[in-house]
Amino acid sequence: MADQHGLALIEDCCQAHLATCQGVPVGTTGIAAAYSFYPTKNLGAFGDGGAVCTRDAALDTRLRRLRNGGQTTRNHHTEVAAHSRLDEMQAAVLRARLPYLAGWTTRRRALAAQYRAGLTDTRGTTNTTIVVPPACDPGHVYHLFPLRTAARDGLRKRLHARGIDTLVHYPTPLPNQPAFADASPNHCPVATSVCDELFSVPLYPGLTDAAVSRVVDAVTDSSLGAAR
Ligand SMILES: Cc1ncc(COP(=O)(O)O)c(C=O)c1O
């Protein structure tokens, strides 16, 4: 589609380290891809960090310049740019953690499979209506495991009362953010209703099978309790 319309495709891979889509590694389709190393990401530093991947040599040169105040050679700036270099401490942390990424990803996939298996009975039943994301591609790396239900806020409270923290990714659709007040289209009813119904259950590589079972039991019990 981008080719047909003469558009440059930039992939947002900020939470998709090692993900593949129909067997193709994400970040290899467009002209460039952005990765985040924010501490909560699948590969996280101790602070902020990120990377851009590209196969385009000219873009590579420009990006290296843009992250470095627009300098081409020392003290020679050809354009106005930001200071956005990955600092050495973050690079050292990422280098030490990188060898673990494949194992962490395998664990994320196993945890997602356990959630899916445990919540199957909840999906589609008329008295609970908790929608579990379908297993769409084995290359998914499960940065999050979101569930969707119209009874979200009550369910989150009941889970919280059992010591299970959940988060909402994300509560406000972009068109409703003040920064985009003038953007068009400014009304996205589907995004708005999804934002009102989504919540994410815990998922990180260190989570135990027992902990996932506890969350599954709590979601199932609480949702049934809510329907009574
Ligand atoms: C999909 C996506 N894109 C971009 C970002 C921004 O990444 P960063 O905080 O490293 O700028 C995030 C972080 O939450 C994200 O999840």
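**Ligand, pockets and backbone**

Mentor: Let us start with the ligand: one of its oxygen atoms is 2.6 Å from an N or O atom in the side chain of Ser 36. A polar contact is a pair of N or O atoms within 3.5 Å; within protein, one must be able to donate a hydrogen and the other to accept it, and residues adjacent in sequence count only if both atoms are side-chain atoms. The protein covers 54% of the 390 Å² of accessible area that the ligand has on its own; such areas come from the Shrake-Rupley method with a 1.4 Å probe, and for residues only the protein chains shown count as cover. This is a predicted model, in which local features need pLDDT of at least 70, side-chain atom pairs count only at pLDDT 80 or more, and totals for chains, interfaces and linings use all residues. Residues are numbered from 1 along each chain as its sequence is written, and side-chain values use heavy atoms, with hydrogens and water left out.

Trainee: Which residues are around the ligand?

Mentor: A residue is near a molecule or strand if one of its heavy atoms lies within 4 Å of it. Here they are Asp 12, Cys 14, Gln 15, Ser 36, Lys 41, Gly 49 and Tyr 170. The side chain of Asp 12 has an N or O atom 2.6 Å from a nitrogen atom of the ligand, and a polar side-chain atom of Gln 15 lies 2.6 Å from a ligand oxygen atom.

Trainee: How much space lies in the largest pocket?

Mentor: Rolling a probe the size of a water molecule over the atoms shows where empty space is left. On a 1 Å grid over the protein atoms alone, a pocket is an open set of points where a 1.4 Å probe fits, with protein on both sides within 12 Å along at least five of seven lines; lining residues have an atom within 4 Å of a point. Grid points are joined across faces, edges and corners, and a volume is the space filled by probe spheres set on the points. The largest pocket holds about 510 Å³. It has 18 lining residues, and Gly 50, Ala 51, Val 52, Arg 67 and Ser 84 are the closest to its centre. Helix 2 gives the most to this lining, with four residues; helices (H or I, at least four residues) and strands (E, at least two) are DSSP runs, numbered from the N terminus.

Trainee: What is the volume of the second largest pocket?

Mentor: That volume is about 350 Å³. Among its 16 lining residues, His 143, Leu 144, Leu 167, His 169 and Leu 203 lie nearest the centre.

Trainee: Which residues does a cis peptide bond join?

Mentor: Most residues other than glycine have a negative phi, and most peptide bonds are trans. In this model, a cis bond joins His 169 and Tyr 170, with omega about 5°. Tyr 170 lies in the loop between helix 5 (152-161) and helix 6 (189-197). Asn 75, not a glycine, has a positive phi of about 65°.
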